[in-house]
Number of protein chains: 2
Amino acid sequence: MKLYSYWRSTTSYRVRIALNLKGVSYETVPINLVAGEQRAPDYVALNPGKGVPTLVLDNGEVLTQSLAIIDYLDATIPEPLFLPENQLQRARVRAAAHTIALDIHPVNNLKVIAHLKSRYGFSAEDGIEWFRHWMTEGFHAYQALLPGGSAFSFGDSPDLADICLIAQLYNAHRWGVDMTPFARLLEIEERALALPAFAAARPENQPDAT
Amino acid sequence: MKLYSYWRSTTSYRVRIALNLKGVSYETVPINLVAGEQRAPDYVALNPGKGVPTLVLDNGEVLTQSLAIIDYLDATIPEPLFLPENQLQRARVRAAAHTIALDIHPVNNLKVIAHLKSRYGFSAEDGIEWFRHWMTEGFHAYQALLPGGSAFSFGDSPDLADICLIAQLYNAHRWGVDMTPFARLLEIEERALALPAFAAARPENQPDAT
């Protein structure tokens, strides 16, 4: 498989974790979002949303949107499962994952902050404040959804919610979010990053990291 | 079931469509987002994300996040299915749905525009321009992902992508998005709104509509 990704993109990071957990080997094709490579016509033909990641399967089929890709991987590669079999538990894990993937990440996306800067005159400091605001709000909600008493967010092995959480925490550290209220999330992070699948997926370990 | 919802919330609208398509009867509990009812302590205990919708099942279990709720309904109530059985097709429908549910809606969420106004001095006109910008970008991406030649987005019956699309189009009309480039989406909308499940879910047909 080929993964079109950007080292600092948290949605790319999610899919890297998922591929590594499933034991799928893949080739990274770097798309430099800061240089605008996601808007090149050849790339837009693959991914009309002009974003990363894009996963191209060995048979040439093209998948976009990180959560749709992770669901595909979970449905087609049995072990380890990213979602519980029980539908109610599954809905709970998905809801927590979406608290990050829908309520935090899209609002803090690079293209949103770039638009706020170019069109509305946001300063670099405004941008950092913006990032912190949505992460702090979202992490409170995420933490409140956790049952507690498990090694990871919902159980003793990482699931879809953990995949979204760990990727988002990279941004939290990068932008200096005050993590004092989120000790539980930092414990989960420490445990996750000790696993080879997560460690290999970290932004700084990607071929395009600078 | 009880659905905590707000008439103009497009995420509530998605779940109303899904419940109606599955033939599930439910009681609406209005949460007035403009009056801030989503921040009342009793409601936050149900939904720590301080958003709508929240679905309370007959056994008292509480589900949050519209896409997680719709997945739950699709997995537990067999007909009609909102996602194809084929995993590759399923990933395609999900990716299109996410182009709306992740790339448009969260950025245009009421709480985001409220924050832009209160903290960064956005005017009402700035807000409308902001809404239009993200919808126009996102609808181009959505339309490019459609295979064409079907009555609805991916087939001859409505699926998860259509559910997200129809709800978002309510906002597009409300905020005056120029729909000239999106004739295909308007055709799908016309067909969907002719179905009773969609018509009954429309914002203006809710008990809290004003």
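I count two residues as in contact if their C-beta atoms, placed from the backbone, lie within 7 Å. The model is predicted: local features need pLDDT of at least 70, side-chain atom pairs count only at pLDDT 80 or more, and totals for chains, interfaces and linings use all residues. Residues are numbered from 1 along each chain as its sequence is written, while chains are lettered from A and ligands numbered from 1 in the order in which they are written.

**Entry: the interface**

I looked up the chain pair. I find 29 residues of chain A in contact with 29 residues of chain B. Which elements of chain A each supply at least two residues of the side that touches chain B? They are β4, α3, α4 (87-101) and α6 (124-145). Helices (H or I, at least four residues) and strands (E, at least two) are DSSP runs, numbered from the N terminus. I note α4(A) as the source of the largest share of that side, 8 residues. By class I get 18 nonpolar, 7 polar and 4 charged residues on the side of chain A that touches chain B. Here Ala, Val, Leu, Ile, Met, Phe, Trp, Tyr, Cys and Pro count as nonpolar, Asp, Glu, Lys and Arg as charged, and the others, Gly among them, as polar. 100% of the interface residues of chain A are also interface residues in chain B, so the copies meet through the same surface.

**Entry: symmetry**

I superposed by least squares on the C-alpha atoms of residues with pLDDT of at least 70 in both copies. A rotation of 180° with 0.0 Å of shift along its axis brings chain A onto chain B, at RMSD 0.0 Å. The two copies are therefore related as by a two-fold rotation axis.

**Entry: the sheet**

Strands pair if DSSP finds at least two bridges between them. I checked β1 (residues 2-5) against β3 (residues 54-56) of chain A: 3 bridges join them, and they run antiparallel. A:Tyr4 stands opposite A:Thr54 in β3(A).

**Entry: α1 and α3**

I took axes as lines fitted to C-alpha atoms, for helices over the stretch in contact, with angles from 0 to 180 degrees between N-to-C directions. Helix α1 (residues 10-22) and helix α3 (residues 66-76) of chain A pack at about 10°, axes 9 Å apart. That makes α1(A) roughly parallel to α3(A), a label for angles under 35 degrees. Residues of α1(A), including A:Val15 and A:Leu19, meet residues of α3(A), including A:Ile69 and A:Leu73. I class this contact as 6 nonpolar, 2 polar and 2 charged residues.

Terms used: Parallel < 35°, antiparallel > 145°, perpendicular 65-115°, else oblique.
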